[in-house]
Amino acid sequence: HLSKILENELLMKCKYIILVGGLSNSRYYQQRIYNIFGRSGGMKILIPDKPQLCVVEGAARYGIKPNYIQIRVLPRTYGIRIDYAKETLPNINKYDPQWL
């Protein structure tokens with residue numbers, strides 16, 4: 001889905017991806033995004049220290065000022081797996097240990 005968004009003419013010069021929300025804490029997810037868009041795509045991947053709090057802050061700001069959010073890119077969030085022990089991840093050897 002992210003690949004399709006980045007094909008938009010307005011976003012073709014995008015240099016950064018900022019990962020926020022609970023899924024952004026996942027080392028597996030971080031590495032997948034980095035491998036696809038960072039290493040291969042030349043984009044800089046930024047992850048705040050507490051990405052889940054970015055969503056809380058955004059919600060609070062939206063509550064105070066409803067027009068704070070000008071555009072929504074994703075109508076929903078996506079997850080494919082949860083709570084895997086490192087040893088049970090498929091193809092674990094192809095992932096950099098720093099991300100697990």
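Predicted model: local features only at pLDDT ≥ 70, side-chain atom pairs only at ≥ 80, totals over all residues.
Set aside the neighbours within four places in sequence, and Ser24 is in contact with Leu19, Tyr29, Gln30, Ile47 and Pro51.

**Around Ser24**

Ser24 sits in the loop that runs between strand 1 (16-18) and helix 2 (27-39). Is Ser24 buried or exposed? With a relative accessibility of 2%, Ser24 counts as buried, because the cut-off for that label is under 20%.

**The overall layout**

Now for the whole chain. There are three helices and two strands, and reading along the sequence gives the pattern α-β-α-β-α. The chain has 100 residues, and 19% of them count as buried. Its accessible surface comes to about 8300 Å², with 54% of that belonging to carbon and sulfur atoms. If you take the contacts with a separation of 6 or more, 63% are between residues 24 or more positions apart.

**The core and Leu19**

Which residues make up the largest nonpolar core? Seven do: Leu6, Ile17, Leu19, Ile33, Phe37, Met43 and Ile45.

Leu19 is a handy member to follow. Not counting residues up to four places away in sequence, Leu19 touches Ser24, Tyr29, Gln30, Ile33, Ile45, Leu46, Ile47, Pro48 and Pro51. Two names in that list, Ile33 and Ile45, are also members of the largest nonpolar core.

With residues up to four places away left out, Pro48 touches Ile18, Leu19, Val20 and Cys54. Pro48 and Ile18 are 30 residues apart along the chain, with 7.9 Å between their C-alpha atoms. As for Lys50, its relative accessibility is 51%, so Lys50 counts as exposed, the cut-off being over 50%.

How many salt bridges does a search of the whole structure find? The search finds one. The pair is Glu57 and Arg61, whose closest N and O atoms are 2.8 Å apart. Both residues lie in helix 3 (residues 51-64), four residues apart, or about one turn of the helix. In general terms, side chains of opposite charge can pair when their charged atoms come close.

On the cysteine side, the structure holds zero disulfides.

| Residue | Relative accessibility | Class |
|---|---|---|
| Glu57 | 42% | partly exposed |
| Arg61 | 38% | partly exposed |

Key:
Residues numbered from 1 in each chain as written. Heavy atoms only, no water. Core = buried A, V, L, I, M, F, W, Y, C linked by side-chain atoms within 4.5 Å. Buried < 20%, exposed > 50% of the residue type's maximum accessible area, 1.4 Å probe, protein only. Contact = heavy atoms within 4.5 Å. Areas by Shrake-Rupley, 256 points an atom, 1.4 Å probe, with all protein chains shown as cover. Disulfide = S-S within 2.5 Å. Salt bridge = Lys/Arg side-chain N within 4 Å of Asp/Glu carboxyl O.
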